[in-house]
Amino acid sequence: MNSLRERMTRFMYGRYGADQLSKLYLGLAIVFLVLNLLTGLGIFYLAGMAVLIYGMYRSFSKNTAKMSAQNQKYLNWRYQRAVKYSNAKKHWAQRKEYRFFSCPGCRQKVRVPRGKGKIAITCPKCHTEFIKKS
């Protein structure tokens with residue numbers, strides 16, 4: 001048992017290994033292969049195998065800098081999506097008390113109370129003043 005572990009350790013030495021993007025590719029491969037089982041369409045099998053092979057290639061690659069850069073790009077994208085979802089959720093929860101406007105100068109989101117009529121809004125970021133109905 002120890003010799004197998006040692007051989008595997010030596011094999012993986014200097015290789016990139018599994019990261020979040022590789023795990024995403026593995027999950028996509030499983031989804032495509034399950035869709036192939038349910039529908040019988042060969043395109044899902046081909047897509048699943050292609051994604052699986054690429055995910056394995058990433059895990060066994062010795063080009064760690066490139067794979068790390070790809071993973072970082074994916075993590076940044078995922079973080080931006082999470083922030084947008086969180087902001088949309090907050091805006092939805094506050095929709096009865098506040099209105100949200102974008103500053104025409106810098107696109108900063110500005111929150112103002114509802115029911116105040118026409119008001120002059122000053123952007124806290126660029127200090128542009130614009131008039132909107134709350």
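Ile121 stands opposite Phe130 in strand β4, and that pairing is a friendly way into this predicted model. Local features here need pLDDT of at least 70, side-chain atom pairs count only at pLDDT 80 or more, and totals for chains, interfaces and linings use all residues. Residues are numbered from 1 along each chain as its sequence is written, and side-chain values use heavy atoms, leaving out hydrogens and water. Helices (H or I, at least four residues) and strands (E, at least two) are DSSP runs, numbered from the N terminus.

**The β3–β4 hairpin**

- Strands β3 (residues 118-122) and β4 (residues 129-133) run antiparallel and are joined by 5 bridges; two strands pair if DSSP finds at least two bridges between them.
- The two strands form a hairpin with 6 residues between them.
- Ile119 sits in strand β3 and is partly exposed, at a relative accessible area of 21% (buried is under 20%, exposed over 50%, partly exposed in between, with a 1.4 Å probe and protein chains only).
- Its C-alpha atom is separated by 5.7 Å from that of Lys132, although Ile119 and Lys132 are 13 residues apart along the chain.
- Beyond its neighbours within four places in sequence, Ile119 is in contact (heavy atoms within 4.5 Å) with Val112, Phe130, Ile131, Lys132 and Ser134.

**Two loop residues with positive phi**

- Most residues other than glycine have a negative phi.
- His127, in the loop between β3 and β4, has a positive phi of about 65° without being a glycine, and is exposed at 61% relative accessible area.
- Arg107 also has a positive phi, about 70°, and is not a glycine; this residue lies in the loop between β1 (98-102) and β2 (109-113) and is exposed at 62%.

**Helices α2 and α3**

- The axes of α2 (residues 20-39) and α3 (residues 42-60) come within 8 Å and cross at roughly 160°; axes are lines fitted to C-alpha atoms, for helices over the stretch in contact, with angles from 0 to 180 degrees between N-to-C directions.
- The two helices are therefore roughly antiparallel (angles over 145 degrees).
- Residues meeting across this contact include Leu21, Tyr25 and Phe32 in α2, and Phe44, Met49 and Arg58 in α3.
- The residues of this contact divide into 15 nonpolar, 7 polar and 1 charged.

- Ser61 is in the loop between α3 and α4 (64-93) and is buried, with 7% relative accessible area.
- Leaving aside neighbours within four places in sequence, Ser61 is in contact with Gly14, Arg15, Tyr16 and Met67.

Note on methods. Angles under 35 degrees count as roughly parallel, over 145 as roughly antiparallel, 65 to 115 as roughly perpendicular and the rest as oblique. Ala, Val, Leu, Ile, Met, Phe, Trp, Tyr, Cys and Pro count as nonpolar, Asp, Glu, Lys and Arg as charged, and the others, Gly among them, as polar.
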